[in-house]
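The sequence and coordinates are displayed first.

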Amino acid sequence: MNIISSYFIISLGQSSNVSNKELNEIAFVGRSNVGKSSLINYLTNRKNLARTSRTPGRTRLINYFLINKSFYFVDLPGYGFAQGNKTEQLAWKKLMENYLQKSKKLVLVCVLLDIRREVSELDMKMISYLHSYNIPFIVIITKADKIAKSKQKCMANSIANQIGIGVENVFLCSSEEQIGKEKILEKFEQFV
């Protein structure tokens, strides 16, 4: 797959506002500051398509990006480090759950994990949630450039074992070092 066009379409605060009934969606989810926006920018060859920030928890809405005029990337709010009171955090959780349960065109969820961090309880809860609703997912390990190349595959295998999925569904990625894009887009092609 080659991404030749990408556009920001809309940010939504309630999944009931989702009006997409025609085009398939690939959603991105992960802890705050895991690199969801950076990954979207890397995959689309755009520096500022998705807004990036050094401050965790900046994505607070569901953001839709039209890809090749044929499907959407959907950037979901991060979990874990997001700053906000308990009421706001519950609202973000409900927003994500509503989206994951109600989107009729969701074909794949990309669960992002930072290669430098342990798989957290929240990550495992998200994966359990996706399993329980039979939502197809893959794992994308971001920031692969932050550890030695010789340790990257070992880490991917370890994460696959820890999560209980095949290593063919775990992808190493680094937007800094241009690692992983082709394999990820090839996988996406199977779903859209």
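Helix α1 is followed by N45, whose phi is positive, near 60°. Helices (H or I, at least four residues) and strands (E, at least two) are DSSP runs, numbered from the N terminus. The model is predicted, so local features need pLDDT of at least 70 and side-chain atom pairs count only at pLDDT 80 or more, while totals for chains, interfaces and linings use all residues. Residues are numbered from 1 along each chain as its sequence is written, and side-chain values use heavy atoms, with hydrogens and water left out.

Helix α1 spans residues 36-44 and is largely enclosed by the rest of the structure, because eight of its nine residues are buried. Buried means under 20% relative accessible area, exposed over 50%, and partly exposed in between (1.4 Å probe, protein chains only). The buried residues of α1 are K36, S37, L39, I40, N41, Y42, L43 and T44.

T44 is also among the contacts of S6, which touches T44, R46, L49, L66 and I67, residues up to four places away in sequence not being counted. Contact here means heavy atoms within 4.5 Å. S6 is placed in strand β1 (residues 6-12) and is buried, with a relative accessible area of 5%. Y7 lies in strand β1 as well, but counts as partly exposed at 41% relative accessibility. Together with I9 and I10, Y7 makes a nonpolar surface patch of about 260 Å². Such patches consist of residues with over 30% relative accessible area and no salt bridge; like charges are joined within 9 Å, and nonpolar side chains (Val, Leu, Ile, Met, Phe, Trp, Tyr) within 5 Å. Accessible areas come from the Shrake-Rupley method with a 1.4 Å probe, and for residues only the protein chains shown count as cover.

A search of the whole structure finds four salt bridges, each being a side-chain nitrogen of Lys or Arg within 4 Å of a carboxyl oxygen of Asp or Glu. The table includes three of them.

| Salt bridge | Closest N and O atoms |
|---|---|
| R116 and D114 | 2.9 Å |
| D114 and K143 | 3.6 Å |
| E121 and K125 | 3.6 Å |

D114, R116 and K143 are linked in a network of salt bridges. E121 and K125 are both exposed; they lie four residues apart in helix α3 (residues 121-132), about one turn of the helix.

The structure also holds seven aromatic pairs. Rings of Phe, Tyr and Trp (its six-membered ring) pair if their centres lie within 6.5 Å; planes under 30 degrees apart count as stacked, over 60 as edge-to-face and the rest as tilted. F28 and F188 have ring centres 6.2 Å apart and planes at 75°, so the pair is edge-to-face. This pair links distant parts of the chain, with F28 in strand β2 (residues 24-30) and F188 in helix α5 (residues 181-189), 160 residues apart. Both F28 and F188 are buried. The rings of F73 and F188 are likewise edge-to-face, because their centres are 5.7 Å apart and their planes at 75°. F73 lies in strand β4 (residues 71-75) and F188 in helix α5, so this pair ties together parts 115 residues apart in sequence. F28, F71, F73 and F188 form one aromatic cluster.
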